[in-house]
Amino acid sequence: MYYLVIGLMIPGGRLRFLVTACLYSLPVRVFSESLPPVNWMEFLERLHRLRPDALLVDASRWSEVLPDLAAAVKSGDDTPALLAVHSREDSALRSQLMGAGADDFLTPPFEARLPSLLERLSEARLQRLAGGRKLRRPLGVMAAKGGSGATTVACHLAIALRQITEGAVLLADLDWQGGMVGFLMKSQTPYSFWDVAHPGQRIGCGYWKAIVATHPTGVDVLPSAERSASRWELELPRLRSALRLAGACYDWVVLDLGGIWNKESRLLIGELEGLCLVATADAMGLYQARRAIQDLRQQRLDRERHHLILNQ
């Protein structure tokens with residue numbers, strides 16, 4: 001899911017607790033508003049500045065103000081979804097609010113529908129960022145064992161994609177144990193992919209140019225940054241969100257994921273469009289490659305999505 005901004009118009013209590021608990025593990029930024037707004041002009045100015053993707057509103061207190069609220073927030077082009085939340089199912093209230101301008105009506109357990117609904121909003125926003133272009137999933141490069149040359153292959157793959165397709169290419173080093181992409185590509189940026197994964201605010205495609213180092217071949221490069229295993233797993237949802245954004249902003253995204261036996265890198269295999277497994281042609285390299293391919297099949301990665309590269 002791409003990073004979303006969510007407005008809560010729900011007073012404190014059990015309903016708010018259940019909603020915020022559902023949102024806690026998702027890559028969202030949440031802000032609160034009173035219901036009804038104390039000052040409509042200030043409220044609309046805040047919406048224009050924050051550009052929320054959705055407003056979650058307490059349905060029990062919404063019915064008397066919904067027509068005014070719907071008319072106010074849906075007057076522009078990039079309007080938030082209006083989602084009514086209620087403590088229990090109420091078909092009459094549902095019909096009333098949907099007729100007055102609500103986009104959906106949600107009841108506990110919110111985990112059953114809210115994440116998938118926000119995923120659809122995320123997909124729609126990414127499509128707008130991509131300008132209708134097909135969203136790209138990353139290509140990953142991993143080593144069957146140390147010293148296989150996976151980083152060199154990742155660099156050459158990114159450069160080749162740039163030269164052959166003339167599209168926008170991002171090469172990012174996610175080998176948190178000390179990747180070498182920055183060294184090989186001579187990148188001079190102090191930033192890494194983690195600066196996109198945890199920016200503190202929603203960002204667009206223009207943000208990349210402010211942090212990447214552009215190689216003479218035209219490939220945008222983000223080197224590695226040290227991260228502990230615990231921090232990696234904690235920030236994994238935001239990392240996946242940043243990968244989705246990269247796919248909307250670039251024609252091709254190449255990731256150096258380090259060794260295939262790195263637990264943290266393996267968490268991203270499901271996000272990849274394709275995986276290049278790099279091995280050496282010696283007996284030990286082929287043995288490790290065979291083990292890795294068997295492991296990938298156990299993870300149900302389609303054969304068409306992974307490729308073996310023997311680096312001689």
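Which side chain meets that of Glu 271 in a salt bridge? In this predicted model, the partner is Arg 240, at 3.2 Å from N to O. The pair links distant parts of the chain, 31 residues apart: Glu 271 lies in the loop between helix H12 (263-266) and E11, and Arg 240 lies in helix H11. Arg 240 counts as partly exposed, at 28% relative accessibility.

**Salt bridges**

Across the whole structure, a search finds 10 salt bridges. The table lists some of them.

| Pair | N to O distance |
|---|---|
| Glu 271 and Arg 240 | 3.2 Å |
| Arg 244 and Glu 123 | 2.3 Å |
| Glu 89 and Arg 94 | 3.0 Å |

Arg 244 and Glu 123 meet through their side chains in a salt bridge. This pair also links distant parts of the chain, with Arg 244 in helix H11 (residues 236-249) and Glu 123 in helix H5 (residues 114-129), 121 residues apart. Arg 244 is partly exposed at 22% relative accessible area, and Glu 123 is partly exposed at 29%. A network of salt bridges links Glu 119, Glu 123 and Arg 244. In the pair of Glu 89 and Arg 94, Glu 89 has a relative accessible area of 43% and is partly exposed, while Arg 94 is partly exposed at 26%.

**Strand E11**

E11 runs parallel to strand E6 (residues 139-143), joined by 5 bridges, with Leu 139 partnered by Gly 274. E11 also pairs with strand E12 (residues 306-311) in the parallel sense over 6 bridges; there, His 306 is the bridge partner of Leu 275.

How values were computed
Residues numbered from 1 in each chain as written. Predicted model: local features only at pLDDT ≥ 70, side-chain atom pairs only at ≥ 80, totals over all residues. Heavy atoms only, no water. Pairing = 2+ DSSP bridges. Helix = DSSP H or I, 4+ residues; strand = E, 2+ residues; numbered from the N terminus. Salt bridge = Lys/Arg side-chain N within 4 Å of Asp/Glu carboxyl O. Buried < 20%, exposed > 50% of the residue type's maximum accessible area, 1.4 Å probe, protein only.
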